[in-house]
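Colleague: I would like to learn how to read helix packing and disulfides in a model, one feature at a time. Could you take me through them slowly?

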Amino acid sequence: MAEVQQLRVQEAVDSMVKSVERENIRKMQGLMFRCSATCCEDNQASMQQVHQCIERCHAPLAQAQALVTSELEKFQDRLARCTMHCNDKAKDSIDAGNKELQVKRQLDSCVTKCVDDHMHLIPTMTKKMKESLSSIGK
C-alpha cells in the first residue's frame, strides 16, 4: 500500500518538475548560454572579465535551481514528518495490544491521508515556484 502511495506522489512531483523545467528553466538556460556566448565574443575583455561575465550569466539559473530544490526538499520533509507520525501511531497501537492487521489498516489509512493532503499542496507549490522563477533575473 505504501508503495502505491509513494508512486502517486512521485508521479505528481515528476509531472510538476517537468512542467517547471519546460516552462521556466529551459528559457533561463537559453538566456544563460546566449549571455555566456556574448561574454566570449568580447575581444577587449581580459580572461578574468570574461569569467566574471559568464558567472553573472549563470547566476539566475543557479538561483532558480536552488529555489526548485529548496521547495522540493520542504515538500519532502513535510510528507516525511506526516508519515513518521503515522508510524509512531502504529507503534503506539501495537504497544497497546492491538492486532497487527488492524494496525496495518490504520497505518495504510494514515499514510493515504498524508499523501492525499500533500497532493493537494502540489498545485499551490507549483504556482508559487513559477511566480518566483519568473521574477528571477528581471
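Modeller: We will look at a pair of helices and then at the disulfides.

This is a predicted model, in which local features need pLDDT of at least 70 and side-chain atom pairs count only at pLDDT 80 or more, while totals for chains, interfaces and linings use all residues. Residues are numbered from 1 along each chain as its sequence is written, and side-chain values use heavy atoms, with hydrogens and water left out.

Colleague: How do H1 and H4 lie relative to each other, roughly parallel or roughly antiparallel?

Modeller: Two packed helices are described by the angle between their axes and the distance between the axes. Here the axes of H1 (residues 2-40) and H4 (residues 122-135) come within 11 Å and cross at roughly 10°, where helices are DSSP runs of H or I with at least four residues, numbered from the N terminus. The two helices are therefore roughly parallel, a label for angles under 35 degrees.

Colleague: Which residues of H1 and H4 meet?

Modeller: On the H1 side they include Met16, Val20 and Met28, and on the H4 side Met125, Met129 and Leu133 are among them, contact being heavy atoms within 4.5 Å.

Colleague: How many disulfides does a search of the whole structure find?

Modeller: A disulfide is a covalent bond between the sulfur atoms of two cysteines. The search finds four, taking as a disulfide any pair of cysteine sulfur atoms within 2.5 Å. Counting bonded cysteines along the chain, their pattern is 1-4, 2-3, 5-8, 6-7. Cys40 is in no disulfide, and the nearest cysteine sulfur, that of Cys39, is 6.4 Å away.

Colleague: What does the disulfide of Cys35 and Cys57 tie together?

Modeller: The sulfur atoms of this pair are 1.9 Å apart, and with -60° about the S-S bond the link is left-handed. Cys35 lies in H1 and Cys57 in H2 (residues 47-95), so the pair ties together parts that are 22 residues apart in sequence. Cys35 is partly exposed at 30% relative accessibility, whereas Cys57 is buried at 6%; buried means under 20% relative accessible area, exposed over 50%, and partly exposed in between, with a 1.4 Å probe and protein chains only.

Colleague: Are Cys39 and Cys53 buried or exposed?

Modeller: Both are buried, and their disulfide has an S-S torsion of about -70°, so it is left-handed.

Colleague: Where do Cys86 and Cys110 lie?

Modeller: Their disulfide, with S to S 2.0 Å, links distant parts of the chain, since Cys86 is in H2 and Cys110 in H3 (residues 100-119), 24 residues apart.

Terms used. Axes fitted to C-alpha atoms, helices over the stretch in contact; angles between N-to-C directions. Parallel < 35°, antiparallel > 145°, perpendicular 65-115°, else oblique.
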